[in-house]
Every structure is written in C-alpha cells, then in structure tokens.
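This briefing sets out the fold of one protein chain for a reader working from the coordinates.

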Amino acid sequence: MAPPDREIALRIALAWRELRRGAAGLELRNHLLGPEGPQLEQAQLDALEIVVSEREGWRMTDFADALRVDPSSATRAIDRLETLGLAERARATDDKRVVVVRATTEGRRLMREISRLRGSGMQRLLEPFEPDERERFAEYLERFVDSIDQLVEELRRAT
C-alpha cells in the first residue's frame, strides 16, 4: 500500500484538530448532554460510558485498559464520578479482596439520556450524506481507529 499523499494527510490532520477543538464544541456538547446536564468533562463522560457497560463491575486494571489510560488516571476518573454520584466502588463478589467499580442508578439513567441525545444528534449530523456514504464513512472511521491502535502498539513495543 502506498503511503498517503502529504496534502491529504494534512487535510485529515486539520479536520481531526477541528473535531477535537471545534468552534461549536460547547454548543454541540450542550445539545448532546442537555443544557442542564451535569458538567462532565469529556474524560469523565468516556469513563462513565465504560462503567455503565453490561458488566456487573469493573476491576480497576480492566477499567484502566478499557479507558486506555494508566491506573492512576483511571482511579482519578472514578473518584470524580463517585463525587458526582454516578459510580461507586464495591467488593467483587468472587474475591472480597478485590474492589470493583460499577455505575449507580443515576449513572445508568444519565448515560441512557446522553446516549439518546447523542444518537439523535449524530443522525442529524449525518443527514447530508447519502446512505452509502454513511456506510463508507463509518467503515473508514473504524479503520482509522484500528490504524491508531496499531501505531500506538508499535510505539509501545519500540520503547
């Protein structure tokens, strides 16, 4: 496979920057979280989304891996969610020496509402695209994420 054209790579890099920073980021965030929603930072929202998954509870090492951060960052994320009443720590049912993290009822309720708002917002964002373009866009983004994961893994092995 030929390396990407420098101009195309630059366009993608600039678009990525705009997605991360986005001039309309606050307005879009308010729409997706609701204007009266909790003041969650993106990292806290990411953490809540993982905690709310279908698991009974997350061991902190597994949670850190899923969040793709080091264990101390994962602990801080859970501390913040606990302060907001969205997550709690408990003893694992299979090993009382182990602490697991799980979502509270409020955390699950909030994530359902955020998912609903985010889903309708994403549908609106994709309206200008034809159905086949949406499918290709999703495929390209998934492949892009895989490419990022592969690069990170290569960099880890090299150090």
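Of the 159 residues of the protein chain, 23% count as buried, where buried means under 20% relative accessible area with a 1.4 Å probe, protein chains only. The model is predicted, so that local features need pLDDT of at least 70 and side-chain atom pairs count only at pLDDT 80 or more, whereas totals for chains, interfaces and linings use all residues. Residues are numbered from 1 along each chain as its sequence is written, and side-chain values use heavy atoms, with hydrogens and water left out.

**Overall figures**

- The accessible surface of the protein chain amounts to about 12000 Å², and carbon and sulfur atoms hold 55% of this area; the areas come from the Shrake-Rupley method with a 1.4 Å probe.
- Among contacts in the protein chain with a separation of 6 or more, 45% are between residues 24 or more positions apart; a contact means heavy atoms within 4.5 Å.

**Secondary structure**

- The protein chain comprises 7 helices and 3 strands, taken as DSSP runs (helices H or I, at least four residues; strands E, at least two) and numbered from the N terminus.
- Read from the N terminus, the elements follow the order α-α-α-β-α-α-β-β-α-α.

**The sheet**

- The 3 strands form an open sheet in the order β1-β3-β2, with antiparallel pairing; two strands pair if DSSP finds at least two bridges between them.
- Strands of a sheet pair through backbone hydrogen bonds, either parallel or antiparallel.
- The edge strands, β1 (58-59) and β2 (87-91), each pair on one side only.
- Strand β3 (residues 99-103) is joined to β2 by 5 bridges, the two running antiparallel.
- Between β1 and β3, which also run antiparallel, there are 2 bridges.
- V101 in β3 is the bridge partner of W58 and also stands opposite R89.
- V100 in β3 is the bridge partner of A90.

**Helix packing**

- Helix α3 (residues 42-51) packs against helix α5 (residues 71-83) at an angle of about 85 degrees, and their axes lie 10 Å apart; the axes are lines fitted to C-alpha atoms over the stretch in contact, and angles run from 0 to 180 degrees between N-to-C directions.
- α3 and α5 are therefore roughly perpendicular to each other, a class that covers angles of 65 to 115 degrees.
- Q44, A47, L48 and V51 of α3 make the contact with A77, I78, R80 and L81 of α5.
- These contact residues divide into 6 nonpolar, 1 polar and 1 charged; Ala, Val, Leu, Ile, Met, Phe, Trp, Tyr, Cys and Pro count as nonpolar, Asp, Glu, Lys and Arg as charged, and the others, Gly among them, as polar.

Definitions and conventions. Parallel < 35°, antiparallel > 145°, perpendicular 65-115°, else oblique. Buried < 20%, exposed > 50% of the residue type's maximum accessible area, 1.4 Å probe, protein only.
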